[in-house]
Amino acid sequence: GYVVGDTLTVEVDGATYENVAVDGSGNWTIDTGDAPDSGVAVELSDGDAVTVTATLTDPAGNESTGTGTLTIDTSAPDEPTVTIVEDADDDGLISASELSGDINVDVDLPGTAVVGDVITVSDGTTTTPVTLDAGDITAGKVTATFTAPSEGDTITVTATLQDALGNESGEASDSATIDTSAPTPAPTVTDKTTNDTTPVISGTATGYVVGDTLTVEVDGATYE
């Protein structure tokens, strides 16, 4: 191990840093952004893997050497997928039959997710970070719960994945609007007495707006 009088030299892909300081615990650091004592400063990019060699020399000239690998990874992870569970038919609306309390969200993990990655889920008001464990990876997803917005308001849930190096994926999202109010006024059916055994039946649906559907049932026969 290092003792006073020893010198430490570190070589990174041909760039040599001499007389590297060693602290009282035996640890050393160099900044590859600094000019080396010899050789050309390293210029690294995503995917590069270079050898780092540390050489400790005592006053008698005896040397001991250790090597390691420096790998550069700046690639963003794949995005997760966000699904608002209550929007069961994925029409962007949450109806009275779909809403029961809070808003539940599934965040499906990309196949490249690993233990230790962090999924951050937010509805714009509440942000929940989830550090993935083995159970999450096996399940292929994580879940989150948010307070349902008021009638007519829209909830947008976003999620990102961050790997252990701090690289962050693009933002995935899903949105839905709370629409639990029945159309008004209710449709009407015009009473009719006729000697026609296949009569035409009519009524009104003045509460109709584009996108609504009207269903008419006559004695068990349904017209959609």
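## Basis of the model

Two strands are taken to pair if DSSP finds at least two bridges between them. Helices (H or I, at least four residues) and strands (E, at least two) are DSSP runs, numbered from the N terminus. The structure is a predicted model, in which local features need pLDDT of at least 70 and side-chain atom pairs count only at pLDDT 80 or more, whereas totals for chains, interfaces and linings use all residues. Residues are numbered from 1 along each chain as its sequence is written, and side-chain values use heavy atoms, with hydrogens and water left out.

Strands of a sheet pair through backbone hydrogen bonds, either parallel or antiparallel. In this model, five strands form an open sheet in the order 6-12-11-8-9, and the pairing is mixed. Strand 6 and strand 9 are the edge strands, each pairing on one side only.

L93 has T177 of strand 12 as its bridge partner. Strand 12 (residues 172-178) has a covered face, formed by A172, D174, A176 and I178, and an uncovered face, formed by S173, S175 and T177. Six bridges in the antiparallel sense connect strand 11 and strand 12; T154 stands opposite T177 of strand 12.

## Strand 8 and its two partners

Strand 8 (residues 118-122) is largely enclosed by the rest of the structure, because four of its five residues are buried. Here, buried means under 20% relative accessible area, exposed means over 50%, and partly exposed lies in between (1.4 Å probe, protein chains only). Strand 8 runs antiparallel to strand 11 (residues 154-162), to which five bridges join it. Within this pairing, Q162 of strand 11 is the bridge partner of V118, and V121 stands opposite A159.

Strand 8 is also joined by five bridges to strand 9 (residues 127-131), again in an antiparallel arrangement. V121 stands opposite T128 of strand 9, while the bridge partner of S122 in strand 9 is T127. Strands 8 and 9 form a hairpin with four residues between them, and G124 in the turn has a positive phi of about 90 degrees.

Most residues other than glycine have a negative phi, and most peptide bonds are trans. D13 has a positive phi of about 50 degrees although it is not a glycine. The residue lies in the loop between strand 1 (7-12) and strand 2 (15-17).

D90 likewise has a positive phi, near 55 degrees, and is a residue other than glycine.

## The salt bridge

Side chains of opposite charge can pair when their charged atoms come close. A search of the whole structure finds one salt bridge, defined as a side-chain nitrogen of Lys or Arg within 4 Å of a carboxyl oxygen of Asp or Glu. The salt bridge is formed by D106 and K141, with the closest N and O atoms 3.3 Å apart. The pair links distant parts of the chain: D106 belongs to strand 7 (residues 103-108) and K141 to strand 10 (residues 141-146), 35 residues apart. K141 counts as partly exposed because its relative accessibility is 32%.

## Surface patches

Patches are made of residues with over 30% relative accessible area and no salt bridge; like charges are joined within 9 Å, and nonpolar side chains (Val, Leu, Ile, Met, Phe, Trp, Tyr) within 5 Å. Accessible areas come from the Shrake-Rupley method with a 1.4 Å probe, and for residues only the protein chains shown count as cover. Lys and Arg count as positive and Asp and Glu as negative, with His and the chain ends not counted; the place of a charge is NZ of Lys, CZ of Arg, CG of Asp or CD of Glu.

D78, E79, E168 and E171 form a negative surface patch. Of these, D78 is found in the loop between strand 4 (63-71) and strand 5 (81-84), and is partly exposed, with a relative accessible area of 42%. V189, I201, L214, V216, V218 and Y223 make a nonpolar surface patch of about 550 Å². L214 lies in the loop between strand 14 (203-204) and strand 15 (216-218), and its relative accessibility of 47% makes it partly exposed.
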